[in-house]
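Please look over the sequence and the structure shown here before reading the report, and keep both at hand while you read.

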Amino acid sequence: MKYNEIFEKIAAELKDYDQIGQVATYIPALAKANPNKFGMYLVTREGHSYFHGDTDETFSIQSISKVLSLVYAFKLVGTDLWKRVGVEPSGSPFNSLVQLEYEQGIPRNPLINAGAIVICDILMSELKNPYQDFIKFLRSLAGNPNIDYCKTTAESEKECGFKNSAHINLMKSYGNIENDAEEVLDFYFHLCSIEMSCKDLAQTFMFLASGGKNPVNNKRIITAQETKRINSIMLLCGFYDEAGEFAFRVGLPGKSGVGGGIVAIYPDQYSIAVWSPGLNTKGNSSKGIKALELFTTITQSNVFGPS
Ligand code: GLN
C-alpha cells in the first residue's frame with residue numbers, strides 16, 4: 001500500500017475517534033484551536049512527500065522547538081552541553097519541579113521545560129542575536145522563509161509562566177543560569193510560540209532521519225554521532241512521562257508539543273509529522289499518537305524491528 005493510501009485508511013479509521021482529548025487551555029491562543037483539525041505529512045529520504053488532511057495549516061509547535069534549540073546549542077558548544085543538562089528520562093510531567101531540587105539545578109534532560117530553559121541560556125550566551133539566528137536556522141532547515149514567532153502566544157506564555165519562573169530561579173540559585181532570568185524566559189517563550197505546519201515539521205526534522213545531513217541540499221547540520229545522541233534523547237525523553245508508552249506503541253524517536261503536533265523519525269527512511277490539537281492527560285496529542293501507532297504497525301517501520 002502507498003503512503004497516501006495508508007494515511008486515508010488511518011484518517012477513516014480515526015474519523016470518529018472517541019478519545020480525542022482536550023485542547024490546551026492554559027493560554028487563549030491554544031484554547032481556541034479547533035479539535036477537529038487533523039493532518040499527517042511524511043517525507044522520505046529520497047525527498048518524496050506524502051500527506052493527508054490539514055498539513056499546510058500552521059499551529060503552535062510549543063515543545064517541539066526544544067529539539068531544535070538543543071541541536072543548535074549542541075552545534076555551538078559540543079559535549080560541554082552535558083555539564084549543564086542530563087540525558088535521563090524524567091518520568092515526570094514536562095513542568096515538574098521536583099527532580100530539579102534533587103539534581104541541584106541540573107535538569108534531567110533538555111526536552112522538559114527546565115532543560116529547554118538551560119538550552120536557551122546557552123544560546124543567549126553564545127549568540128549575538130539569538131532570536132534572529134535561531135529563526136534563521138529553522139527557516140533553512142524547513143526550506144520555508146515564512147516561519148516565525150507568534151508575539152501574541154509568547155506574551156500569553158509570559159503572563160502565565162509562573163512555573164517556568166520557578167524553574168529558572170531555582171536553577172539560577174544553583175548557578176546553572178548565566179544570563180538575566182527574565183531575558184532567558186522571554187527567549188524560551190518565543191521558542192514555544194513558533195508556528196509551523198505538518199509539512200514544515202516533517203521537512204525540518206528530516207536531517208535527523210538522514211544521519212545529520214539535510215537530504216535536500218546535502219548540507220551537514222550535525223555529525224552522525226551527534227544525530228544518534230539527539231535521536232536517543234527524543235526516544236527516551238520526547239513525551240515526558242509518556243515516553244515509555246510512545247516507544248511501546250509507536251516505536252520511533254519523536255517529540256510532541258501542547259499545540260497538538262508530534263514529529264517522529266525513522267532513521268534512514270522518513271520523517272513524519274502529525275497534528276491533532278486534542279491532548280491526553282500527559283499533554284500529548286491523543287489522536288496523533290494513535291495515528292502514528294497505526295502507521296508504524298501498517299508499515300512495519302519502527303526502530304525495534306518489524307512487528
Ligand atoms: N509553553 C509550554 C510551557 O512552557 C510548553 C509545554 C509543551 O509543549 N509541553 O509550559
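## The shell around the ligand

In this predicted model, the residues around the ligand include Gln62, Ser63, Phe94, Asn95, Asn113, Glu157 and Asn164, and also Cys192, Gly257, Val258 and Gly283. Sorted by class, this shell has three nonpolar, seven polar and one charged residues.

Because domain 1 (3-62 + 196-299) and domain 2 (63-193) both give residues to the shell, the ligand lies between them.

## Helix H3

Helix H3 covers residues 65-77, and its 13 residues reach 18 Å from the first C-alpha to the last, which is close to the 18 Å expected at 1.5 Å a residue. Ten of these 13 residues are buried, so H3 is largely enclosed by the rest of the structure; among them are Lys66, Leu68, Tyr72 and Phe74.

The buried residues of H3 are covered by elements including helices H5 (113-126), H6 (130-142), H9 (181-193) and H11 (224-237), together with strand S7 (254-256). After H3 comes Gly78, which has a positive phi, near 65°.

## Two annotated residues

The unreviewed UniProt entry carries a "binding site" annotation that covers several residues, including Ser63 and Tyr188. Ser63 sits in the loop between strand S3 (59-60) and H3, and it counts as buried because it has 25 C-beta neighbours inside 10 Å. Not counting residues up to four places away in sequence, Ser63 touches Phe94, Lys255, Ser256, Gly257 and Val258.

Tyr188, by contrast, has its place in helix H9, and Tyr188 is buried, with 29 other C-beta atoms within 10 Å. Leaving aside neighbours within four places in sequence, Tyr188 is in contact with Ala116, Ile117, Cys120 and Asn164.

Methods. Residues are numbered from 1 along each chain as its sequence is written. This is a predicted model: local features need pLDDT of at least 70, side-chain atom pairs count only at pLDDT 80 or more; totals for chains, interfaces and linings use all residues. A residue is near a molecule or strand if its C-beta atom, placed from the backbone, lies within 6 Å of it. Ala, Val, Leu, Ile, Met, Phe, Trp, Tyr, Cys and Pro count as nonpolar, Asp, Glu, Lys and Arg as charged, and the others, Gly among them, as polar. Domain bounds come from an automatic or database domain assignment. Helices (H or I, at least four residues) and strands (E, at least two) are DSSP runs, numbered from the N terminus. The expected span of a helix is 1.5 Å times one less than its number of residues. A residue is buried if 20 or more other C-beta atoms lie within 10 Å of its own, exposed if 12 or fewer, and partly exposed in between; C-beta atoms are placed from the backbone. Two residues are in contact if their C-beta atoms, placed from the backbone, lie within 7 Å. UniProt positions are given in the numbering used here, feature names are shortened, and annotations may be inferred rather than shown by experiment.
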